[in-house]
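Welcome! Please take a look at the model below, and then read on for a short tour of one of its chains.

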Amino acid sequence: MAFEGLAERLQGTIQRIKGKGKVSEADVKEMMREVRFALIEADVNLKVVKEFVKKVSERAVGQAVMDSLTPGQQVVKIVKDELTNLMGGEQSKIEFSTKQPTVIMMVGLQGAGKTTTSGKLAGMLRKKHNRKPLLVAADVYRPAAVQQLETIGKQLSLPVFSKGTDLSPVEISRQAIEYAKAEHMDTVIIDTAGRLHVDENLMQELKDIRALKEPDEIFLVVDAMTGQDAVNVAQNFNEAIGITGVVLTKLDGDTRGGAALSIRSVTDKPIKFVGMGEKMDALEAFYPERMASRILGMGDMLSLIEKAQTNVDEAKAKELEEKFRTSSFTFDDFLDQMNQVKQMGPLDEILKMLPGANKIKGIENAKVDEGQMGRVEAIIQSMTTQEKTTPEIISSNRRKRIAKGSGTTIQDVNRLLKQFEDMKKMMKQMSGMANSKKGKKKMSMPGLDSLFK
Amino acid sequence: MSFFKKLKDKFSGNQEAEQSTEKYKEGLTKTRTGFTSKINDLVARYRKVDEDFFEELEEVLLQADVGFETVMELMDQLRFEVQRKNVKDTSNVQSVISEKLVEIYEAGDAEVNELKFNDELTVILFVGVNGVGKTTSIAKLAHRLKNEGKTVLLAAGDTFRAGAIEQLDIWGKRVGVDVIKQSEGSDPAAVMYDAVRAAKSRKVDVLICDTAGRLQNKVNLMNELEKVHRVISREIPGAPHEVLLALDATTGQNALIQAQTFKEVTNVTGIVLTKLDGTAKGGIVLAIRNKLKIPVKFVGLGEQMDDLQPFDAQKYVYGLFAEGLDKEEELENAEADK
């Protein structure tokens with residue numbers, strides 16, 4: 001997960017200072033050395049690192065820390081505040097034009113993920129903002145870039161304006177804006193070709209597209225793995241065409257993502273979204289505060305809660321609760337529940353969002369075996385309707401059949417049945433506890449965790 | 001000089017960035033003497049080898065993404081060498097620097113950055129994260145090999161990304177080589193199986209296999225890649241003969257993890273450093289070479305078909321910090337003029 005390394009490093013030093021009663025100047029100095037090291041290893045630009053270290057040192061060595069009752073906490077707060085500041089203070093939203101259509105331009109280097117992000121953005125605008133987006137295939141240079149956007153449009157059932165590769169990107173964009181107006185589509189997303197920030201001809205082309213109708217947003221799409229050069233790229237694009245925001249892609253990788261800090265502090269433009277996966281809905285808002293918390297190992301509970309909220313169907317949850325209570329929980333419900341959890345994203349990602357999770361040794365290697373979940377699914381699906389509702393009837397012959405049908409072994413089937421029984425017992429106890437209002441006992445679900453191992 | 005000035009200067013140095021690429025291009029054919037003499041010119045202005053000198057060098061390397069650890073290691077070695085040889089003036093230190101850096105690249109086999117070719121069919125597998133330029137590099141390599149008189153076949157193994165198969169297909173037509181493909185969403189291992197069979201029956205010299213970009217922390221996707229690798233080895237023992245990791249020159253420290261993980265899964269034999277025509281230096285390959293011993297075999301220097309060039313360590317090392325040093329020299333001159 002992003003910034004993991006940075007969090008680890010900072011935690012080491014912060015932990016040391018936490019244990020002390022006072023923070024000496026030497027402590028701060030030592031900590032700042034670690035911070036500098038960590039930030040450079042996290043690909044934060046050298047200039048930005050120096051600024052950051054200077055700012056934090058000034059504040060930390062000052063009396064605020066010395067006089068504070070818990071100096072360790074104070075330092076943590078300062079580092080966190082500065083990191084948050086550096087990454088943009090508060091969250092930013094999309095600007096929509098009052099004059100239709102709203103024009104959004106996607107620009108960036110080759111391979112940053114402009115086309116994919118264009119698709120994700122269009123999907124998000126429709127889902128969350130109720131817009132009618134039109135995707136415009138203005139990358140006429142890279143072979144099959146037009147087809148790529150067309151395919152994405154098909155996947156999302158969204159219109160794509162494409163004119164092949166014979167017209168100039170400027171002309172295509174002009175026609176697209178006209179088309180959107182005529183068809184009452186309120187948002188035009190122009191997917192431009194990837195280009196080097198030092199390529200003057202191609203930068204001129206962007207300026208020409210920009211001149212058609214002043215875009216409401218010009219998003220610079222940047223690969224989160226970008227190193228020191230991120231500042232050059234961001235600065236050049238910003239100076240040439242004036243970006244309004246940044247989309248950081250591939251943040252679902254294990255890069256520390258220092259580019260986020262660099263770009264923000266060099267261009268002063270907000271990071272608005274982050275790409276978190278290859279699926280079309282894997283575009284999320286960027287929250288500097290949360291990211292800073294994550295850097296400092298305070299977990300990312302807010303993101304997790306939000307994920308759960310958007311993905312868990314409330315009606316279903318209520319229904320499930322009822323089933324818990326009456327212990328009429330069946331294998332069908334179990335499958336349902338598993339799918340809901342799966343929708344929240346890869347389980348190992350969710351695991352890492354829990355506070356303190358990155359302190360657990362070996363968490364970065366803890367991979368939830370999604371294959372195992374698949375096997376569980378297969379076993380359940382190989383059951384008859386009757387078996388699913390009344391698992392008691394599953395005899396050894398039925399077990400054999402289920403194992404064969406799901407491509408698993410009888411042992412696998414036995415284990416699942418046993419775990420399911422345990423779970424049901426546990427649920428009975430839990431609902432019993434809740435009813436008698438003596439819910440002080442620690443609740444846990446034995447067997448649930450071992451299911452996925 | 002102030003750091004900010006230097007940075008600002010760097011931003012405005014587009015033209016020089018282009019020139020340095022040109023230098024690199026020309027430089028590929030030049031000899032070591034040319035390289036050393038250039039370094040000579042550049043470091044001549046330092047009257048003595050002091051901490052300031054080392055600090056500047058350190059920052060130049062850090063800004064090229066070489067990475068903290070490798071830079072520190074390198075600096076320690078340089079300090080040690082300078083002390084041991086009692087180098088006081090910079091006219092001697094240049095050889096120490098260049099030797100050290102080139103040493104990292106040229107450690108081991110002399111011919112290491114040449115592709116290994118099999119007597120019969122040679123299979124080259126391309127791997128890497130998303131958006132690094134695998135497909136484009138494959139097209140350029142195919143073009144190169146075809147010009148060398150080899151018969152080439154391509155395998156469209158990226159069945160995941162929208163438009164990826166079409167992309168390779170269009171390149172195949174431009175280069176004039178056939179592409180073995182299936183429909184989007186099909187099993188990449190099955191495409192490889194088909195491609196290997198086709199390559200054998202058509203008796204081509206080289207089969208180049210494209211794969212979908214994948215982030216190295218996605219376990220399932222890495223398992224899929226391992227399967228692709230396994231299918232190829234099963235069909236032809238010893239294949240793939242080359243596994244090339246495409247690496248974006250703008251990538252920072254994550255490239256080291258990329259190289260490590262891909263090496264574990266597919267036994268990477270070389271790196272193709274793409275997009276070196278921008279301002280990025282791809283200094284991380286220095287760390288990769290230092291730690292993982294994976295050689296850089298090709299560099300992508302532009303969008304044209306023949307812009308994929310064999311890697312030249314000396315020219316690359318020069319390019320790594322020549323620009324930074326050039327700039328400072330100018331600035332100091334400018335300051336002196338005032």
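B:Ala155 stands opposite B:Cys209 in strand β4 of chain B, in a model that is predicted. On another strand, B:Leu125 also stands opposite B:Cys209. Strands pair here if DSSP finds at least two bridges between them, and strand β4 pairs with two partners, as the table shows.

| Strand of chain B | Residues | Pairing with β4(B) |
|---|---|---|
| β1 | 122-127 | parallel, 4 bridges |
| β2 | 152-155 | parallel, 4 bridges |

Strands (E, at least two residues) and helices (H or I, at least four) are DSSP runs, numbered from the N terminus. Chain B has 13 helices and 8 strands.

Which residues cover the two faces of strand β4 (residues 206-209) of chain B? B:Val206 and B:Ile208 are buried on one side, and B:Leu207 and B:Cys209 are buried on the other. Buried means that 20 or more other C-beta atoms, placed from the backbone, lie within 10 Å of the residue's own. Of the 338 residues of chain B, 50% are buried.

Now for confidence: pLDDT is the predictor's confidence in each residue, from 0 to 100. Chain B averages 80. Among its elements, β4(B) has the highest mean pLDDT (97), while helix α1 (residues 3-11) has the lowest (36). Over residues 1-21 of chain B, pLDDT stays under 50.

Residues are numbered from 1 along each chain as its sequence is written, while chains are lettered from A and ligands numbered from 1 in the order in which they are written. Local features need pLDDT of at least 70 and side-chain atom pairs count only at pLDDT 80 or more, whereas totals for chains, interfaces and linings use all residues.

Conventions: Buried ≥ 20, exposed ≤ 12 C-beta atoms within 10 Å, placed from the backbone. Contact = placed C-beta atoms within 7 Å.
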